[in-house]
Amino acid sequence: MAKVGIFFGSSSGVTRGAAELLNAQLKRSELIDMEEDFDGIEQFEDFDVLILGSSTWGQGDPQRDWVDPLYDLSNDRPDLSGKKVAFFGAGDQKTHGEHFLSALGKMHDLFVSLGAEAYGYIPTTGYEYEFSLAEREGKLCGLGIDDVNQEDLTEERVTLWASQLKSEIGL
Ligand SMILES: Cc1cc2nc3c(=O)[nH]c(=O)nc-3n(C[C@H](O)[C@H](O)[C@H](O)COP(=O)(O)O)c2cc1C
């Protein structure tokens, strides 16, 4: 049975809410709050599947609790080949549409460069933004949620994505 870790960083609770919903739907996964529960990048080794959540802040930057771990990963460059990764997080496509969800794209590129295999891409249909570093060949490289403008869609988006991961990864 694959060990699944849902690691999340969330400043105002939106990405946290999605992480909790995912955890309930995936059942055998473990939740790791980057602020409270994260001990260091060796913790990624404990899991076969890493589901990584971050909201986007600043000019397309990952949420603050991800800053040190991402820095450590870039420096130490551990071999993550064999790991399956998927990304999710909150953003605001209207006020911050010039960098909507860009943190997901940055995290995606780093984990893939370390050998991990990425899952959970979704169509851009239903989102309206100017630019996103999370966009790959017309898709988003993870699940975007936007509680500022589309709160009513969040639960359905998370539920659909959980089903997608179950079938893509075989959870
Ligand atoms: C100062 C500031 C900067 C932000 N920058 C971005 C951004 O670059 N891209 C984006 O998609 N959302 C941006 N947002 C929106 C947040 O990501 C959004 O409020 C999100 O719901 C926060 O999620 P969290 O509670 O999980 O941290 C920004 C919000 C603020 C207040």
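Reader: In this predicted model, which residues does Ile-51 touch, not counting residues up to four places away in sequence?

Author: Contact here requires C-beta atoms within 7 Å. With neighbours up to four places away in sequence left out, the residues that Ile-51 touches are Val-4, Ile-6, Leu-22, Ala-86 and Phe-88.

Reader: Which residues touch the most other members of the largest nonpolar core?

Author: Nonpolar side chains tend to be buried together in soluble globular proteins. The largest nonpolar core here has 43 residues. Those touching the most other members are Ile-6, Leu-50, Ile-51 and Phe-87.

Reader: Which element gives the most to this core?

Author: Elements giving two or more residues to the core include strand 1 (4-9), helix 1 (14-26), strand 3 (49-54) and strand 6 (84-90). With five residues, the one that gives the most is strand 6.

Reader: How many helices and strands does the protein chain have, and why does it count as being as compact as a globular protein of that length?

Author: The protein chain has four helices and 11 strands. For 171 residues the globule rule gives 16 Å, and the chain is close to that, so it is as compact as a globular protein of that length, with a radius of gyration of 14 Å.

Reader: Which residues come nearest to the ligand, and how many polar residues does the shell around the ligand have?

Author: Around the ligand are 23 residues, of which Ser-10, Ser-12, Thr-15, Ser-55 and Gly-91 come nearest. Helix 1 and strand 4 (56-57) are the elements that give two or more residues to this shell. By class, the shell has six nonpolar and two charged residues, and the number of polar residues is 15.

Methods:
Residues numbered from 1 in each chain as written. Predicted model: local features only at pLDDT ≥ 70, side-chain atom pairs only at ≥ 80, totals over all residues. Rg over C-alpha atoms; globule rule 2.2 N^0.38 Å. Core = buried A, V, L, I, M, F, W, Y, C linked by C-beta atoms within 7 Å. Buried ≥ 20, exposed ≤ 12 C-beta atoms within 10 Å, placed from the backbone. Contact = placed C-beta atoms within 7 Å. Near = placed C-beta within 6 Å. Nonpolar A, V, L, I, M, F, W, Y, C, P; charged D, E, K, R; others polar.
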